[in-house]
Amino acid sequence: MKSGIHPAYHPVVFRDRAGDFAFLTRSTLTSERTVEWEDGNTYPVIDVEISSASHPFYTGSQRVVDTAGRVERFQRRYGGGKK
């Protein structure tokens, strides 16, 4: 790798405030705010709006869309197609 052209890649804590969930990973993102992690070290923290702890797909609270009911309602309202 060429030196001086790549961004700094360092440990960062991503924290989901809604899900009360945080994980430590490596990233090029940085922040002025820091948090003390479980290992006793201090890392920059990035607050995110949604993660696997709060996303409806991963938590199982995703709504099932009734597409068949919508199609039938459209057919009743605007006709059944060509006759």
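Visitor: What is the order of the strands in the open sheet?

Guide: The order is β2-β1-β4-β3, with 4 strands and mixed pairing. Strands here are DSSP runs (E, at least two residues), numbered from the N terminus, and two strands pair if DSSP finds at least two bridges between them. This is a predicted model in which local features need pLDDT of at least 70 and side-chain atom pairs count only at pLDDT 80 or more, while totals for chains, interfaces and linings use all residues. Residues are numbered from 1 along each chain as its sequence is written, and side-chain values use heavy atoms, with hydrogens and water left out.

Visitor: Why do β2 and β3 stand at the edges?

Guide: Each has a single partner strand, so one side of β2 and one side of β3 have no neighbour in the sheet. From one strand to the next, the twist averages 45°, an angle taken between N-to-C directions on a scale from 0 to 180 degrees, with axes fitted to C-alpha atoms.

Visitor: What makes β3 and β4 a pair?

Guide: They are joined by 3 bridges, and the requirement is at least two. The two strands run antiparallel. Val35 stands opposite Tyr43 in β4.

Visitor: Why is the contact of Arg15 and Asp47 called a salt bridge?

Guide: The term asks for a side-chain nitrogen of Lys or Arg within 4 Å of a carboxyl oxygen of Asp or Glu. For Arg15 and Asp47 the N to O distance is 2.7 Å, so the pair meets the definition. Arg15 belongs to strand β1 (residues 10-16) and Asp47 to strand β4 (residues 42-48), 32 residues apart.

Visitor: How many salt bridges does the structure hold?

Guide: It holds 3. Asp47 also bridges to Arg17, where the closest N and O atoms are 3.6 Å apart. Arg17 lies in the loop between β1 and β2 (21-27), 30 residues from Asp47. Arg33 and Asp47 form a salt bridge too, at 3.0 Å. Arg33 sits in the loop between β2 and β3 (34-36), so this pair ties together parts that are 14 residues apart in sequence.

Visitor: What makes Arg17 count as exposed?

Guide: Its relative accessibility is 56%. Exposed means over 50%, buried under 20%, and partly exposed in between, using a 1.4 Å probe and protein chains only. Asp47, at 26%, is therefore partly exposed. Arg15 at 22% is partly exposed, and so is Arg33 at 44%.

Visitor: Why is the pair of Phe14 and Phe23 called stacked?

Guide: A pair of aromatic rings is described by the distance of the centres and the angle of the planes. Rings of Phe, Tyr and Trp (its six-membered ring) pair if their centres lie within 6.5 Å; planes under 30 degrees apart count as stacked, over 60 as edge-to-face and the rest as tilted. Phe14 and Phe23 have centres 5.8 Å apart and planes at 20°, so the pair is stacked.

Visitor: What makes the pair of Phe21 and Phe23 tilted?

Guide: Their planes stand at 40°, with 5.8 Å centre to centre. Phe14, Phe21 and Phe23 form one aromatic cluster.

Visitor: Is Phe14 buried or exposed?

Guide: Phe14 has a relative accessible area of 13%, so it is buried. Phe23 at 33% is partly exposed, as is Phe21 at 32%.
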